[in-house]
Amino acid sequence: MIKLENISKTYKVFCREKGLRAAFKSLFKRKYKTIEALKNVSFEVEEGEIVGYIGPNGAGKSTTIKIMTGIISPTSGTCLINGLNPVKDRKKYVSQIGAVFGQRANLAWDVPVIDSYELLRDIYKIPNSEYEKNLQNLTEKLDLAELLHLPIRQMSLGQRMRCEIAGALLHSPKILFLDEPTIGLDSISKLKVREFIKQMNKETKLTVILTTHDMNDIDALTNRIILIGKGQKLYDGSFEKIKEEYSKSVLVKVQMAEVYDKVEIKGYETLSVNGIEVELKNLPETTFSYVKLVQELEKKYKIVDISTTALELEEVIYNLYKEYEL
Ligand code: ADP
Ligand code: MG
């Protein structure tokens, strides 16, 4: 359904030295710098899949989404979606996709949302019956009834995002591109957006590509991630596997029977010593073992209690980025 082959994208940016003289000179001789935003990125996505496209800031996520939505052309490589070229077959293509960019409003700022929706109906030539059906369905699922007559300007970010997502789906596209849909949202809105995406994917086989910084989005929505860093694809596969691999460290809280100035256990890093409360974490080369740790502790200290917590998803991703030097 979606097929990217050796996609590269180079941006040319005009750079100017400081000062008037340089400004004058640059009128005649412009200096350019090139930024390789994407380097030979290839992947395929099947119909009905949800793919999490992740990577640190500046990795090239938005550039990829813009290429897939036909907003920009790649410098080289081919992008075919349902057999169409997003730029060259633009007219036919736009009816098949929906896109939401979390950092930028698609809907008009100052007019009631319903007016923007009606404009979209006309632009996409959505038959009235389909429009009414979709509007009703989306209003219900995204809880929009109270919002339809308000302009975006008066909404919270979460409300705005729900309206944006509905707007992107009014014409029943097969694919939905979401670039940071949950950025800055409160946790209730995040949950609503996630729940909605999941439901639409299930009910209508909607294919979803989303970029996000929030690993909980991924955790809730899909097991397939594509990791991109410095413009290159680094990993394409199971998120479960990544979690297993990178959450090997375990945070251990130990309650001592008495106060020790220093606590040192081989294979562990001492994170903090606070009275009788001590926090340890196993070093990457150490596989955590409860029994072994207790043995080691008891050799040197008197302990009362020990409890463990697996690392947060955030930390999993931190470890992952560190491993890839991102
Ligand atoms: P991400 O969405 O992963 O944060 P982007 O795709 O926005 O990353 O950007 C990738 C790289 O391309 C960054 O170094 C960014 O500064 C650069 N870039 C993005 N858009 C432009 C542009 N229009 N002109 C010049 N450089 C750009
Ligand atoms: Mg981006």
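**View 1. Serine 8 has its bridge partner, serine 76, in E4.** The model is a prediction: local features need pLDDT of at least 70, side-chain atom pairs count only at pLDDT 80 or more, totals for chains, interfaces and linings use all residues, and side-chain values use heavy atoms, with hydrogens and water left out. Residue numbers start from 1 along each chain as its sequence is written, while chains are lettered from A and ligands numbered from 1 in the order in which they are written. Strand E1 (residues 2–15) pairs with E4 in the antiparallel sense, over five bridges. Pairing here requires that DSSP finds at least two bridges between two strands.

**View 2. Three strands make an open sheet in the order E2-E1-E4.** The pairing in this sheet is antiparallel. Which strands stand at the edges? They are E2 (31–45) and E4 (76–81); each has a single partner strand, so one side of each is left without a neighbour in the sheet. On average, neighbouring strands are turned by 30 degrees against each other, direction ignored. Helix H2 (residues 61–69) packs on this sheet and touches E1, E2 and E4, with its direction at about 115 degrees to that of E1. Touching, or contact, means heavy atoms within 4.5 Å. Angles run from 0 to 180 degrees between N-to-C directions, and axes are lines fitted to C-alpha atoms, for helices over the stretch in contact.

**View 3. Asparagine 40 and asparagine 82 are worth a look for their backbone angles.** Most residues other than glycine have a negative phi. Asparagine 40 is not a glycine, yet its phi is positive, at about 50 degrees. Strand E2 is where asparagine 40 sits. Asparagine 82 also has a positive phi, of about 55 degrees, without being a glycine. Look for asparagine 82 in the loop between E4 and helix H3 (90–94).

View 4. E5 and E6 (residues 175–179) pair in the parallel sense over five bridges. Opposite alanine 99 stands phenylalanine 177 in E6.

**View 5. Helices H6 and H7 pack with their axes 9 Å apart.** H6 covers residues 157–169 and H7 residues 187–204, and the angle between them is about 15 degrees. That makes H6 roughly parallel to H7, because angles under 35 degrees count as roughly parallel, over 145 as roughly antiparallel, 65 to 115 as roughly perpendicular and the rest as oblique. Gly158, Arg162, Ile165 and Leu169 in H6 meet Ser189, Lys192, Val193, Phe196 and Met200 in H7. This contact has five nonpolar, two polar and two charged residues. Here Ala, Val, Leu, Ile, Met, Phe, Trp, Tyr, Cys and Pro count as nonpolar, Asp, Glu, Lys and Arg as charged, and the others, Gly among them, as polar.

**View 6. Helices H5 and H7 cross at roughly 140 degrees.** The axes of H5 (residues 128–142) and H7 come within 10 Å. Their angle makes H5 oblique to H7. H5 passes H7 in a right-handed crossing. Leu138, Lys141 and Leu142 of H5 make the contact with Phe196, Gln199, Met200 and Glu203 of H7. By class, four of these residues are nonpolar, one is polar and two are charged.

**View 7. Helices H4 and H6 come within 10 Å, axis to axis.** H4 spans residues 113–123 and crosses H6 at roughly 20 degrees. H4 is therefore roughly parallel to H6. The crossing of this pair is right-handed. Val113, Tyr117 and Leu120 in H4 meet Cys163, Ala166 and Gly167 in H6. Five residues of the contact are nonpolar, one is polar and none is charged.

Note on methods:
Helix = DSSP H or I, 4+ residues; strand = E, 2+ residues; numbered from the N terminus. Left-handed = near helix turned anticlockwise from the far one by under 90°.
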